[in-house]
Amino acid sequence: MTDVNQLEHFFDEGLIEGVLRPIKSGKEASVHLCRANPRTTGEQLVALKTYHPLDRRDFRDESMYRDGEWIKERRVRVALEKKTRFGREVQGMIWVDREWETLRALWAGGARVPRPIERTGDAILMSYVGDDALAAPQLRSYKVEDAQEAEALVEQVLREIERMLFLDIVHADLSPYNLLIWQGLVTVIDLPQAVDPRKNRHARAFLERDVERICEWGSAHEVHRPAGRLAADLWTGWELADLVPEELRGLQM
Ligand SMILES: Nc1ncnc2c1ncn2[C@@H]1O[C@H](COP(=O)(O)OP(=O)(O)O)[C@@H](O)[C@H]1O
Ligand SMILES: [Mg+2]
């Protein structure tokens, strides 16, 4: 699936020393486990996410995710609207760019995401979640011991959603597919569609959907949380945080 050209840069830069095996191939990208050069990456193993060539990618209707963003160059704007070949190319680049920038902002803000290491126009190298034998399972295929463990996981995910929101990021495709579980800890992945709630008018609806999906997983594991109220409270908290100066926060109650 992955084109050798997509790997070349990472070899040339001395970041990876070998491709060990595919972790997963999806509709838009493939992820491979690679042997890292520890001196350049600080890691033994890394994950390389390579996006499929543009004509093979299954683009969702992504205009909703770009809402509120102004593209300066008219040529680019028109191409995107008309979905020309050039427009699709731009769209592909925007997609990878968004994932990279979001990973960086979240990592810098202390959120539980893979550490972004390096990127090209169609691939992202990041820290790997798992060990030699096994990549971290997605939440959807993770076997919880009991309701108590399920509850702890739901709480962790809700806290990550809140942390992301306070960094002005809504995942917008959070589901048991895009959460990895390793040693009791959650890692949030797959962020090309993430939106900025300060700009995007659909952000609140995306947040509600993200919260609902994790609450649905909870319900199936005997953990019942009121998704609608949780999402509403998160949103209000975030809106108020923007109004109240940082020094006064916490004194409001
Ligand atoms: N950093 C990582 N460490 C371990 N596994 C990963 C990592 N990133 C992705 N994966 C695996 O690859 C799958 C696909 O990655 P994802 O970013 O969700 O792309 P997409 O769903 O668009 O194909 C994930 O569900 C996960 O199983
Ligand atoms: Mg995914």
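**Helix, sheet, domains and ligand shell**

Biologist: In this predicted model, how far apart are the end C-alpha atoms of helix 4 (residues 85-108), and what span should its 24 residues give?

Modeller: Helices (H or I, at least four residues) and strands (E, at least two) are DSSP runs that are numbered from the N terminus. The expected span of a helix is 1.5 Å times one less than its number of residues, so the 24 residues of helix 4 should span 34 Å. This agrees with the distance between the end C-alpha atoms, which is 35 Å.

Biologist: From which number are residues counted along each chain?

Modeller: Because the model is predicted, local features need pLDDT of at least 70 and side-chain atom pairs count only at pLDDT 80 or more, while totals for chains, interfaces and linings use all residues. Chains are lettered from A and ligands numbered from 1 in the order in which they are written, and residues are numbered along each chain, as its sequence is written, from 1.

Biologist: Why is strand 5 (residues 123-127) largely enclosed, and which residue of strand 5 is the bridge partner of Glu118?

Modeller: Four of the five residues of strand 5 are buried, so the rest of the structure largely encloses this strand. Two strands pair if DSSP finds at least two bridges between them, and strand 3 (residues 45-51) pairs with strand 5 in the antiparallel sense over five bridges. Strand 4 (residues 116-119) also runs antiparallel to strand 5, joined to it by three bridges, and the two form a hairpin with three residues between them. In this pairing the partner of Glu118 is Leu125.

Biologist: How many of the eight residues of strand 2 are buried?

Modeller: Strand 2 pairs with strand 1 in the antiparallel sense over seven bridges, with Val19 standing opposite Cys34. Strand 2 also pairs with strand 3, again antiparallel and over seven bridges, where His32 has Leu48 as its bridge partner. Strand 2 is mostly covered, and its count of buried residues is six.

Biologist: How far apart do the C-alpha centres of domain 1 and domain 2 lie?

Modeller: The domain bounds, which come from an automatic or database domain assignment, are 4-127 for domain 1 and 139-248 for domain 2. The C-alpha centres of the two domains lie apart by 23 Å.

Biologist: Which residues come nearest to ligand 1?

Modeller: A residue is near a molecule or strand if its C-beta atom, placed from the backbone, lies within 6 Å of it. The shell around ligand 1 draws at least three residues from each of domain 1 and domain 2. Of the 21 residues around ligand 1, those that come nearest are Lys24, Gly26, Val31, Ala47 and Asp190.

Key
A residue is buried if 20 or more other C-beta atoms lie within 10 Å of its own, exposed if 12 or fewer, and partly exposed in between; C-beta atoms are placed from the backbone.
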